Amino acid sequence: MVERLTALDASFLYLEEPGTPMHVGGVIVLDRPDGGLDHEALIELVRTRLPLVPRYRQKVAEVPGHLANPAWVDDPDFDISYHVRRSALPRPGNEEQLLDLVARLTARPLDRSRPLWEMYLVEGLAGDRTAVVTKTHPALVDGLGAIDIGQVILDPEPDAVRSLPQSADDWRPRRPPGPVALVWEAVEDYLQRPSAVIDTARTAVGDLRATAGRWAGVAGGLVTAVARTAVSPAPMSPLNAPIGRQRRVAVARASLEDLRTVRKAHGGTVNDVLLTSVTGALREWLLSRGEPVVGSTSVRALVPVSVRSEDESAANEVRSFLVDLPVGEPNPRLRLTRISYAMRGLAPRSQSVGADTLSALSGFAPPTLHALGARAASGLSRRLFNLVVTNVPGPQVPLYAGGARMLEVYPVVPLARGQGLAIGMTSYDGTVYVSLNADRDSISDVDALADLIEQEVGYLVELAA
């Protein structure tokens with residue numbers, strides 16, 4: 001029997017459009033030790049780690065007539081050199097050139113006829129650095145137990161050797177079933193589980209309401225949030241507009257110690273301080289574009305948060321909350337107070353998972369959890385929120401890829417239909433790294449918004465002092 005995609009994962013494939021690819025991206029900036037991490041070394045590193053992520057050598061096989069959900073099958077023509085590619089910037093490459101390349105790679109959909117991931121080694125960065133850009137489809141990340149290809153190439157020591165369940169050379173692809181076999185297995189599924197007919201039919205005809213309900217159920221507390229805001233749609237915003245196929249990517253940085261200083265002085269959590277900085281930046285950005293901003297003006301964000309329930313034996317989960325960011329509030333202290341109050345009231349029966357626990361869930365957790373946040377966002381109408389903001393704590397110790405130390409890491413969260421901006425944040429080794437993925441035409445000044453986030457953090461630190 002083939003391993004079939006769940007109705008939820010199949011929905012991601014059915015609803016994905018050329019202009020809104022759903023893959024989650026990641027940018028890792030590495031130093032170059034003696035010898036460096038070249039393309040051949042990266043291919044060999046990934047090759048030895050593939051047994052840790054067997055899904056990454058499988059592709060999606062469609063069932064003729066959509067009689068059942070697609071199935072995962074081994075790719076008999078798996079070519080690691082296709083998935084691990086090489087690119088370069090004109091030396092000495094600067095950050096702007098790197099982000100322009102990331103934007104172009106992010107805008108390009110994954111090839112559905114192959115395993116749904118890609119990795120690029122980018123050479124030529126100034127300061128004797130290289131970068132690794134990853135793209136992973138959320139269908140590969142179906143829970144907190146799943147891991148991303150970008151995680152398995154990272155080690156806590158420069159010369160660490162990770163134990164593998166088997167030798168990479170032992171892998172032999174199973175022969176993928178043909179169209180007749182896929183149809184026959186679909187019929188057997190229906191006979192054994194009649195309810196599968198209903199699920200498949202709903203998915204095939206694009207019943208968005210049922211699909212959104214499944215997404216909301218997986219995301220936990222989002223059902224209640226949607227019900228509470230159904231009579232109050234998200235405010236009109238230039239963040240929501242028809243989007244094209246091209247992207248712009250900008251980044252910002254903040255010292256984790258500075259954020260903790262603000263938290264100690266004014267209360268709340270580090271996540272609250274980051275949301276306050278984003279709120280202040282959005283306020284200034286809206287004003288710079290001549291948008292009307294009054295005291296009641298707000299921007300609604302979908303904020304995925306990793307939580308644990310009161311039952312300690314229950315597994316951790318990701319819940320997505322709708323938070324109204326008070327961009328109309330001119331006082332940054334009051335903005336922080338209002339956001340802290342809103343975040344505390346969203347999940348009174350849940351407890352946020354701490355950074356140490358979160359980063360220990362599956363090694364370096366951020367790529368996985370950003371993907372889960374993107375999964376929740378993609379199933380909702382743009383009328384419910386204006387943008388997605390993910391914040392995932394990472395390890396506060398150095399990590400290495402093939403002996404090269406990771407200096408910076410940025411998540412690139414995909415855009416949903418009608419969403420012009422998505423913000424991903426990850427902390428690593430004392431710094432919070434922020435990535436802004438934007439539609440190239442509707443939010444062409446996303447780099448100014450990134451600068452405003454850094455300015456807002458600095459302003460909050462001055463107030464705390």
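**View 1. Asp128 in the loop between strand 6 and strand 7 of a predicted model.** Asp128, with a relative accessibility of 48%, counts as partly exposed, a class that lies between buried (under 20% relative accessible area) and exposed (over 50%), judged with a 1.4 Å probe and protein chains only. The residue sits in the loop between strand 6 and strand 7, where strands (E, at least two residues) and helices (H or I, at least four) are DSSP runs numbered from the N terminus. Although Asp128 is not a glycine, its phi is positive, at about 55°. Most residues other than glycine have a negative phi.

The model is predicted, so that local features need pLDDT of at least 70 and side-chain atom pairs count only at pLDDT 80 or more, while totals for chains, interfaces and linings use all residues. Residues are numbered from 1 along each chain as its sequence is written, and side-chain values use heavy atoms, with hydrogens and water left out.

View 2. Ala126 is found in the loop between strand 6 (117-125) and strand 7 (129-136), and it counts as partly exposed because its relative accessibility is 28%. Ala126 and Arg91 are 35 residues apart in sequence, yet their C-alpha atoms are 6.8 Å apart in space. Most peptide bonds are trans.

**View 3. Asp429 in the loop between strand 15 and strand 16.** Asp429 is placed in the loop that lies between strand 15 (421-428) and strand 16 (431-439). Asp429 has a positive phi of about 50°, although it is not a glycine. With a relative accessibility of 29%, Asp429 counts as partly exposed.

**View 4. A patch of negative charge on the surface.** Glu96, Asp447, Asp451 and Glu454 gather in this patch, and helix 15 (residues 446-464) gives the largest share of it, three residues. Asp447 has its place in helix 15, and it counts as partly exposed because its relative accessibility is 47%. Patches are made of residues with over 30% relative accessible area and no salt bridge, and like charges are joined within 9 Å. A salt bridge is a side-chain nitrogen of Lys or Arg within 4 Å of a carboxyl oxygen of Asp or Glu.

Note on methods: Patches are made of residues with over 30% relative accessible area and no salt bridge: like charges are joined within 9 Å, nonpolar side chains (Val, Leu, Ile, Met, Phe, Trp, Tyr) within 5 Å. Accessible areas come from the Shrake-Rupley method with a 1.4 Å probe; for residues, only the protein chains shown count as cover. Lys and Arg count as positive and Asp and Glu as negative; His and the chain ends are not counted. The place of a charge is taken as NZ of Lys, CZ of Arg, CG of Asp or CD of Glu.
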